[in-house]
Every structure is written in C-alpha cells, then in structure tokens.
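This report covers selected backbone, packing and interface features of the model shown below. Each heading takes up one topic.

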2 protein chains.
Amino acid sequence: MTEPDRHVTDATPLLAVVGGGQLARMMQQAAVSLGVRLRLLAESPQDSAAQVVPDVAVGDYRDLHTLRSVTKDCAALTFDHEHVPTEHLQALVEDQVACRPGPQALVHAQDKAVMRARMHELGVPGPRHALVHDAAGVAAFADGVGGFPVVLKTTRGGYDGKGVWLVGSVEESRAAFEAAATADVAILAEEKVDFRRELAALVARSPSGQAAAYPVVESVQVGGVCAEVVAPAPGLSEALATRAQRIALQIAGALDVTGILAVEMFETHDGLVLVNELAMRPHNTGHWSMDGAVTGQFENHLRAVLDLPLGSPQAREPWTVMVNILGGQPEAGPLYDGFPHVFARDPGLKVHLYGKQVRPGRKVGHVTAYGDDLEEVRDRARHAAAWFRGDLGDESE
Amino acid sequence: MTEPDRHVTDATPLLAVVGGGQLARMMQQAAVSLGVRLRLLAESPQDSAAQVVPDVAVGDYRDLHTLRSVTKDCAALTFDHEHVPTEHLQALVEDQVACRPGPQALVHAQDKAVMRARMHELGVPGPRHALVHDAAGVAAFADGVGGFPVVLKTTRGGYDGKGVWLVGSVEESRAAFEAAATADVAILAEEKVDFRRELAALVARSPSGQAAAYPVVESVQVGGVCAEVVAPAPGLSEALATRAQRIALQIAGALDVTGILAVEMFETHDGLVLVNELAMRPHNTGHWSMDGAVTGQFENHLRAVLDLPLGSPQAREPWTVMVNILGGQPEAGPLYDGFPHVFARDPGLKVHLYGKQVRPGRKVGHVTAYGDDLEEVRDRARHAAAWFRGDLGDESE
C-alpha cells in the first residue's frame, strides 16, 4: 500500500480531476474557497463541471497518454467517477502521480468481486455472495441462500441501478449473463437482504491517516437511484450508528482510502448492518453536508486528497433532508423556471442545479432543507424537488 | 426610475459581471448552485474571479464598446465594483441592458456629493457636510461644525481608506486638494463624528421591490480598511437595530437599488445612527453571511439582480465573526502554507482565499468562525487571520 507521492505542500496546488459531472462541479465550489485550482478531464465542454471550471481538457479517461498530460504539474489526481482503468492508475503511480485514492484502494469501488472478497477477509459483515458463471451457478447459489429471489450484479461498470438485477428464477438470470458477456465482465450473485432500510456512512481520510466520520444517514432508493437522504438517520440507535461508522473507518484504513469513502449499508430487521456498496469519491448520500454540516463533503474531499487537516463533519442542524431533482417530462419546462415558486414558498431552501440537460430520471440537481422538525423539513424538500420535476400538476387537468 | 429591462425569465440566464475581484469570485460559487452562468469583464486573466469563471473577457470597463460586447445576450449586468462611468451605464440602459443596480441608483455609491445631497432630501441622518473648493472653504466648514478635525473625501474614486483625509488644520487639507485636482474630482468636507462604533446594515432588493434585511453587524475598521465584522452587532438594542434596517430599506427603495445595498453607519454615543457610506454590491461587511446566514449575500445578490425571490437573511448561529486576511510581509510565505496549522487547530473554521498576490495590507482572503460564545468565536477567527498574515511569530526571535 505504499504510494510514491509528489509533495502537495506547494502554494496554490493544482488538482487534476477525472470526470466532468456534478461531483466535480461541486468540488469547484469548495476549491474556490481554498484557493485550489482544478484541472478537469471532461468528456465534453458541455459537461456539468466543465461549465464552471476554466481549466478543462476534453478527452478520454481510458487513454493513458491523456491522463499523463492532464496530471502534469498537478499536486494530486482525484475523481468524479470510478471508471478509470486500474492499470492506467498504476502507470500514473509509477510516474509519481499522487492518485487519491490510489489504484489499490479504488479497485474495491470498481470491482464488486474484489470488494466482496476483501470485505470477507476483513470480517466486515455483508450479504452472502459468490461469483456465478452460468444458470447452473445461479441455481446452486440460490439453493445455498434459501432460494430465489437473488441479486445479480456485473462486477464492473454498474451504477444507479444499472448492472443490477433482482431475479426470481434461473430463467430471469439470462439478461444479466447477456449483459455481462457484452461488457466482458463477470457476474456476482448476492443474497437478497430483507432490510429494514438503507443507511450510508461517509468518512473522509487523508494520506497521513487522519479520518473524519459524518453522521450516519438514511438513504431512500427508488428504482436503484438515490432519491432522498435524511441526516442523521431517524431513530438509529447510538450503538448501531457507532458500529456503522467503525465499519466505514475500518474499511478506509484497511484499504488506504484517500478522500471521501461512502459505505452504503443495509440495516436489517434484527439490528445488523451489512455492507452493500463502496464509493470512493463524494457521494449522493453526502450532498446534505454542503448546507447541513460544518464542513461539506466536497471541501473535506479536497482537504483529504491534498493532505490538509480535515474539517468538522458535524451536523449544524437537528435534521437535514436532501432530495434529488430528477429530470421529468420535457413539458415540465426548464428547471430555472421552477425558482420563482420554490424560492417564494420557502426562503430557507437550498437549491443546487447541475447545468445538465433534463432527461427523464436523470439526476439534474438536488434541494436541501434543514430545521428542527423532521416531518416539516422533509415535506419542504420533497415539495421543491417535485415542483422542479413538474410532478405537481393541476389536478383538475 | 423606470428602467427598460430585458426579460430574465429565460432558462439558465447568462449574467454579465463587471470586475474580476473577490466579490465576483464569490458570486461564482453562488452562481454554480443556481445554474446561472457568469460572463466576466476582468482587467487581467489573473484576476481573482477570472481564475474561477470560464467565460472571461479581458478589457477596459471604461470603454463603452467593450461593455456592449460583454453584455450581449446577457439577462442582466451587475458589478464587482462601482467604477463604471455613469454615462456608459445610461447608454447600456438605452440599449435595453438590465443594469442592476441601474445608473440612477449606482451614482449614489459612486459620487459622495450626490449621495449626501440625496440622503439630506430623504431625511436620512448623516454627518454635516459641504462641498469645499479651497482652503478657505475648509476653514469656514470647520468653523460651522465646531472646529477641526474634519474629514475630507474625494467625491469619486475613493475606497478602503484611499481618497479620505482626517485633517487637523487648514494646512493639512493641501494633500486632499492636490489629489482632487490630479483626479479631476471635487472635495466633500464632513464633520468628524465622535462615534461609539461602526455598524453596517445590508439589504438585498429585487427589481420587483422585494427586500430582505440582514442582521445589523458591527464592523471594526483599521486604517480605513474593514478588519473584522461581528454578526449580530453585540449589545445593539432592538430599537436601534430596527432603525438601522429601516434606513437601509428606505434608501434601497427610494434609490431603486437592485442587488445588495450595504449601508455603513456610525453609532453615536447618544444612541443615533448616522449614514457614512453606501455600497451597491456584495460588501465586506456581509462576508460573514456565506457561512453564518441561511442565504449568503452573494446568492441573494444574484437572486435579486435576476428578480428571483430572495432567500432568508437570518443568522444560523448566535455569533458569527469574520476577520479579513490582509497580506503580511513576503517572508510570511504563501497563504496556502497556513492551512496545516489553522485547520488542525480549528476544524470548525471556514477559510476563503481569493487567489490574489499577497501584498502588505491587501485583502487576500477572510476567515469565519461561528458559535455560542462571542469571545471564543472572535479569538478563533482572529488567531487564524493573524496566522495567515504571519503575525504570530516566535516571540523569542
């Protein structure tokens, strides 16, 4: 796990970021305050972050030459997404580029089979799982976990519900194997956990080993996409919250993660937490922290990857609720036109738009509300997100 | 006061900003969340804001052709500083550019004689004052206000203590008249107010007339430069706070200000407030609001100039203290090198660096601390600013 590093203590460091999505866009807001300059590798000049960062290279993150050129003279390299090939990151590390997180850590967020094997080694609780190669393998796995349904996942490349299938029979596993063959990846089978709800534990960790744990949140997923996050998770016992934070800190330390690590978990009916997924970058379940915590996850990600002391992850308010704005139907009109209503109704609401083309179901922004009364705070955030989406039509129509 | 406007309800409006200083830089952070694009007219590509905004024109704000080209297709025009010639703004208004604030408002922040005359008309309390043309005029003015010292100010072009002289005799007024002759501006004499402290009342006001008043703050000036701001002003009676807010709202309404109006005031020993200066843009006395209020002044400035409903100006914490980071001696080293100490000492501190070259006395950033105990909060903010400045040397040296 030793990683040769460029020194990052020079004045006004330049930080390379692969990916031009909303995570890089929100990193830019934090970078402006820190006086840190970002250099972006985007796929298009229209990318969410490319609209707000002056120093943008448009290119392919799967091309090592491009990665080398973008990281030249940068204090460190970090990521908006986890899709850079592991072997390219290893080559960059050999070039003395400070990859944060490094490839040995990041592979656990890229490859679910590697992640599951490592979690098992670490004794971290998770669902039962096995690599399956064909329908017979699925049938055998289902037998071993008490029958169907089971969950099938591509080991690489999935996100936001893509690359995940809940299958009720051997026959239903066909689509997963077809997709895996097309993408040349393997299939991991996991038991279907009968969970009470989903939690997420976020930690920031720096190369020097300092770590900060955010309050554990509840996340509500709809169709495999994060819809809503409540911070802190309502009614979560202190014991279980501590257990979730300890697991996240253990993983961050054992894997030598630098930057934000998000650990998505299932809370089971019998009071256990099981690790579902890992992400090594600012995460949707941490967006609430921009307005609801002393130090937002984007600022702590930058502080971590630059090996600056971390900021307090404490919540500023009793309750903070983040609701994603998902693209609605085109007739809902431009998002900007939602402001007059939403802002007039709720002067305390915080809105973050990503500058992305609206497409049905696409994450195009989020809203955050905070306050003392959870029900009220949640209603405020839900109303605003629904309004932007165009879901609050005239019922007489 | 009617102002022909382009409609600003189109999707993702483009907002032109004249000036590339730290105010425009911090507007960009707010613009990113709102999905609003800024187009900057900067003096150099190295300007504070030009480092963080992709759409930058480098040019001269005193050139009407440049202003016309920058504002083309923009929903509105706003300002990082108040130095654009009034006649150019009038020409832009005739071109249907939505200048926010408009020239009839802005002239009161540009020309102190115009401002004083208007405040007098409005019945707003201020120091006694008169335009003076020579030493004899200064002597006569001093006689009328009880003798020297008196304050002389150039009517245009002054800021941060520049263009202001406290003179104790007729002879001492020579420097002011020489500077005024060089700059081709007039000299305004004002009585020296024996004030208890300085206050600032900020309001945001939109073209439709909606206004929001921030808590009245205490500002501590050192050598004519804002050093420290405490929100809310400690020990200020509710009656006086309300009076200060009413004055700011009255001025904003009467002058048809759009965007942030900052009214700097003197609190006198006998419990009055007197208007000292006006600024029509986000203001140093409002920086605390970025971290300490529900809606920061930069976001409310953008919402106001785009005629969106304003956000809550409420304080989020009992006490918020902002201290400017002023450039120290070059041997203090780069500002960035202050982070390891400052962040390790105080995980709750918020730091905003402006990306500006450090020069002695120059505003190069600010720090904000908040909490329940004013003395502790103030000490935290002062310590961090002093550390960045390099003022906390080894006393044994």
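## Helix α10 of chain B

In this predicted model, α10(B) is largely enclosed by the rest of the structure, because nine of its nine residues are buried. The residues concerned are B:Gln297, B:Phe298, B:Glu299, B:Asn300, B:His301, B:Leu302, B:Arg303, B:Ala304 and B:Val305.

B:Asp307 follows α10(B) and has a positive phi, near 60°. This residue sits in the loop that runs from α10 (297–305) to β15 (319–326) of chain B. B:Asp307 counts as buried because it has 23 C-beta neighbours inside 10 Å, where the cut-off is 20 or more.

B:Asp184 is a residue other than glycine with a positive phi, here near 55°. Its place is the loop between α7 (174–183) and β8 (187–191) of chain B.

Is B:Asp184 buried or exposed? B:Asp184 has 9 other C-beta atoms within 10 Å, so it is exposed; the limit for that class is 12 or fewer. The aspartate at position 307 of chain B, in contrast, is classed as buried.

## Cis peptide bonds in chain A

A cis peptide bond links A:Arg100 to A:Pro101, with omega at about 0°. A:Pro101 belongs to the loop connecting α3 (86–94) and α4 (103–110) of chain A.

Another cis peptide bond links A:Ala231 to A:Pro232, and its omega is about -10°. A:Pro232 lies in the loop between β12 (225–231) and α8 (238–254) of chain A.

## Packing of α3 against α4 in chain A

The crossing of α3(A) past α4(A) is right-handed.

On the α3(A) side the contact is made by A:Thr86, A:Leu89, A:Gln90 and A:Val93, and on the α4(A) side by A:Pro103, A:Leu106, A:Val107 and A:Gln110. By class, the residues of this contact are five nonpolar, three polar and no charged. An α-helix has 3.6 residues a turn, so residues three or four places apart point the same way.

## Interface between chains A and B

How many residues of chain A are in contact with chain B? The contact involves 37 residues of chain A and 37 residues of chain B. On the chain A side, the elements that give two or more residues are α1 (22–34), α11 (339–345) and β16 (350–353). Of these, α1(A) gives the most, with six residues.

The side of chain A that touches chain B is made up of 20 nonpolar, 12 polar and five charged residues.

## Domains of chain A

The domain assignment divides chain A into domain 1 (14–99), domain 2 (128–191) and domain 3 (195–389). Between domain 1 and domain 2 of chain A, the C-alpha centres are 33 Å apart.

Technical notes. Residues are numbered from 1 along each chain as its sequence is written. Chains are lettered from A and ligands numbered from 1 in the order in which they are written. This is a predicted model: local features need pLDDT of at least 70, side-chain atom pairs count only at pLDDT 80 or more; totals for chains, interfaces and linings use all residues. Helices (H or I, at least four residues) and strands (E, at least two) are DSSP runs, numbered from the N terminus. A crossing is left-handed if the near helix is turned anticlockwise from the far one by less than a right angle, and right-handed if clockwise. Two residues are in contact if their C-beta atoms, placed from the backbone, lie within 7 Å. Ala, Val, Leu, Ile, Met, Phe, Trp, Tyr, Cys and Pro count as nonpolar, Asp, Glu, Lys and Arg as charged, and the others, Gly among them, as polar. Domain bounds come from an automatic or database domain assignment.
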